[in-house]
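Please read it beside the model.

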Amino acid sequence: MMGEYQYSERQACKLMAIDRSTYRYQPRPDHNAELRSKLLALARQKPRYGYRRLAALLERGGSKASPQRVYRIYSEAHLAVRRLKRKRLVRPAPEEALLSRANQEWAIDFVSDGLATGRGLRMLTVVDSFTRECPAIEVDTGLSSQRVTRVLDWVMGQRGKPEVIRCDNGPEFTSRHFLVWCEEQGITLRHIQPGKPMQNGYVESFNGRFRDECLNHHWFRTLADAKEKVERWRTEYNYERPHSSLDYRTPEEFAKTLSELTNGMGFKASIPPEPPVGGEQSQNGTRGQGFADAAPKGGAPLTAPCRSASGEGTTGGSDGMGNEGLQ
């Protein structure tokens, strides 16, 4: 237009509605063409490599470029690797109850080990968070949620039902079968937050002692050998091993003392101020009996017994399971 109609640059740009700087623009040469072609070739060979690894390969091949320059070309070519974010379970922090009696809360967890043949072992540990008793350690090569509930049913038949079970978020403890079982039994289930095992600190501490004193100390030849040695250590833990948090008493001694204290408090609450003399009937129908024999022979005790792991010795409870604890 400028040559044909003898227009000036200003008039021609104004007529075409373009800026004069745009008309004068001269394209710059692409200094990254060679680097871009090499980067694209490497990215096709290594599609899951990020720009830093690709930059290291380029530098190893003789193409020196800063990571910032490689990243700029990497982004312009839309070579960014897509990373799928892992879906994490979000739970609120579990309630920290003040423990004051047996069977108030049980803590359960799994421990892994192996046989001499290389086959893996899984062990379910059950701990009473207050008395620190271990009523059961189930050992097998695999433990499903149905197996977990069977073990807990057996323990409940020995020592009564817990009010709360505290556990982690493993598949056995979050399965539909386990959740339905807890609801049918009327047991509150408290899952800890993911990645915070010390919210279940009682069983984690027990598992540490279990691994240090039993699993690391023994060599398991067969599954039967592992069950026998683990059960022997569990009995020693409950009846012989002094526990530092229990004033160096065994869990069985602490549970027995607790049972005597709670039973004694229950008797005092049910006895009239003046005990009857010999030959006179008291309010509950007994004749001349002291405080120790004041409970009715055929009725339920004032506090429920809570048997220890092996069925020897009792701990006090409050749900009236039987009268063995009075003997």
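In the hairpin of β1 and β2, five residues lie between the strands, and G118 takes a positive phi near 100 degrees. Strands here are DSSP runs (E, at least two residues), and helices are runs of H or I with at least four, all numbered from the N terminus. The model is predicted: local features need pLDDT of at least 70, side-chain atom pairs count only at pLDDT 80 or more, and totals for chains, interfaces and linings use all residues. Residues are numbered from 1 along each chain as its sequence is written, and side-chain values use heavy atoms, with hydrogens and water left out.

**The sheet**

Two strands pair if DSSP finds at least two bridges between them.

Strands of a sheet pair through backbone hydrogen bonds, either parallel or antiparallel. The open sheet has five strands in the order β3-β2-β1-β4-β5, with mixed pairing. β3 (136-140) and β5 (188-191) stand at the edges with a single partner strand each, so one side of each has no neighbour in the sheet. From one strand to the next, the twist averages 20 degrees.

Helix α10 (residues 201-215) packs on the sheet and touches β1, β2 and β3. The direction of α10 makes about 35 degrees with that of β1. β1 is mostly covered, with seven of its 10 residues buried. Buried means under 20% relative accessible area (1.4 Å probe, protein chains only), exposed means over 50%, and partly exposed lies in between.

**A helix pair**

Helix α5 (residues 51-60) packs against helix α6 (residues 67-76) at an angle of about 115 degrees, with the axes 9 Å apart. Axes are lines fitted to C-alpha atoms, for helices over the stretch in contact, and angles run from 0 to 180 degrees between N-to-C directions. Y51, R52, L54, A55 and L58 of α5 meet P67, V70, Y71 and Y74 of α6. Contact means heavy atoms within 4.5 Å.

**The whole chain**

The protein chain holds 12 helices and seven strands. Of its 327 residues, 38% count as buried. Among contacts between residues at least 6 apart in sequence, 57% join residues at least 24 apart.
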